[in-house]
Amino acid sequence: MFGNFSKDKIPPLQQSFLEELERTVALLAFEDVKNSPVGDLLDISQRLKTASEVNAAILTSQSHEKDEKAAYPQITDLFTASLEDPSV
């Protein structure tokens with residue numbers, strides 16, 4: 001996808017990021033995404049993994065320890081987006 005750009009010039013972490021970005025953008029190329037070679041990106045397990053990684057990155061950027069228990073609402077039903085109040 002990136003043409004003649006030499007992959008050996010890209011650090012491994014960025015290479016991994018670029019590969020994941022390429023797979024994600026590939027979702028736009030398919031009409032029937034769920035049956036495409038990258039359809040696994042839409043599985044609930046992948047969504048939960050991504051949400052966990054995003055949450056960890058947010059906490060890290062706010063200088064919170066990953067093990068620290070923050071009192072954030074939790075989604076109890078993904079389809080209705082029902083939230084559970086952590087203080088209850």
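Colleague: Which residues form the nonpolar patch on the surface?
Modeller: I44, L48, I75, L78, F79 and L83. Together they have about 710 Å² of accessible area. Areas come from the Shrake-Rupley method with a 1.4 Å probe, and for residues only the protein chains shown count as cover. Patch residues have over 30% relative accessible area and no salt bridge; like charges are joined within 9 Å, nonpolar side chains (Val, Leu, Ile, Met, Phe, Trp, Tyr) within 5 Å.

Colleague: What kind of model is this?
Modeller: A predicted model: local features need pLDDT of at least 70, side-chain atom pairs count only at pLDDT 80 or more, and totals for chains, interfaces and linings use all residues. Residues are numbered from 1 along each chain as its sequence is written, and side-chain values use heavy atoms, with hydrogens and water left out.

Colleague: Is F79 buried or exposed?
Modeller: Exposed, at a relative accessible area of 82%. Buried means under 20%, exposed over 50%, and partly exposed in between (1.4 Å probe, protein chains only).

Colleague: How many helices and strands does the protein have?
Modeller: There are 2 helices and 2 strands. The pattern along the sequence is α-α-β-β. Helices (H or I, at least four residues) and strands (E, at least two) are DSSP runs, numbered from the N terminus.

Colleague: How much of the protein is buried?
Modeller: Of its 88 residues, 11% count as buried. The accessible surface is about 7,800 Å², and carbon and sulfur atoms own 57% of that.

Colleague: What about contacts between residues at least 24 apart?
Modeller: They make up 2% of the contacts between residues at least 6 apart in sequence. Contact means heavy atoms within 4.5 Å.

Colleague: New topic. How many salt bridges does the structure hold?
Modeller: It holds 2. That needs a side-chain nitrogen of Lys or Arg within 4 Å of a carboxyl oxygen of Asp or Glu. Side chains of opposite charge can pair when their charged atoms come close.

Colleague: What does D40 pair with?
Modeller: With R23. The closest N and O atoms are 2.8 Å apart. D40 lies in the loop between α1 and α2 and R23 in helix α1, so the pair ties together parts that are 17 residues apart in sequence. D40 is partly exposed at 35%, and R23 is partly exposed at 27%.

Colleague: Which residues does D40 touch, not counting those up to four places away?
Modeller: R23 and Q46. Q46 sits in helix α2 and is buried, with a relative accessible area of 19%. Beyond four places in sequence, Q46 contacts D40 and L41.

Colleague: And the salt bridge of K49, which residue does that side chain meet?
Modeller: E53, at 3.8 Å from N to O. Both residues are in helix α2, 4 residues apart, about one turn of the helix. K49 is partly exposed at 45%, and E53 is partly exposed at 47%.

Colleague: What lines the second largest pocket?
Modeller: Among others, F17, E20, L21, Q46, K49 and E53. Helices α1 (12–26) and α2 (44–61) each supply at least two lining residues. The largest share, 6 residues, comes from α2.

Colleague: What volume does that pocket have?
Modeller: About 290 Å³. On a 1 Å grid over the protein atoms alone, a pocket is an open set of points where a 1.4 Å probe fits, with protein on both sides within 12 Å along at least five of seven lines; lining residues have an atom within 4 Å of a point. Grid points are joined across faces, edges and corners, and the volume is the space filled by probe spheres set on them.
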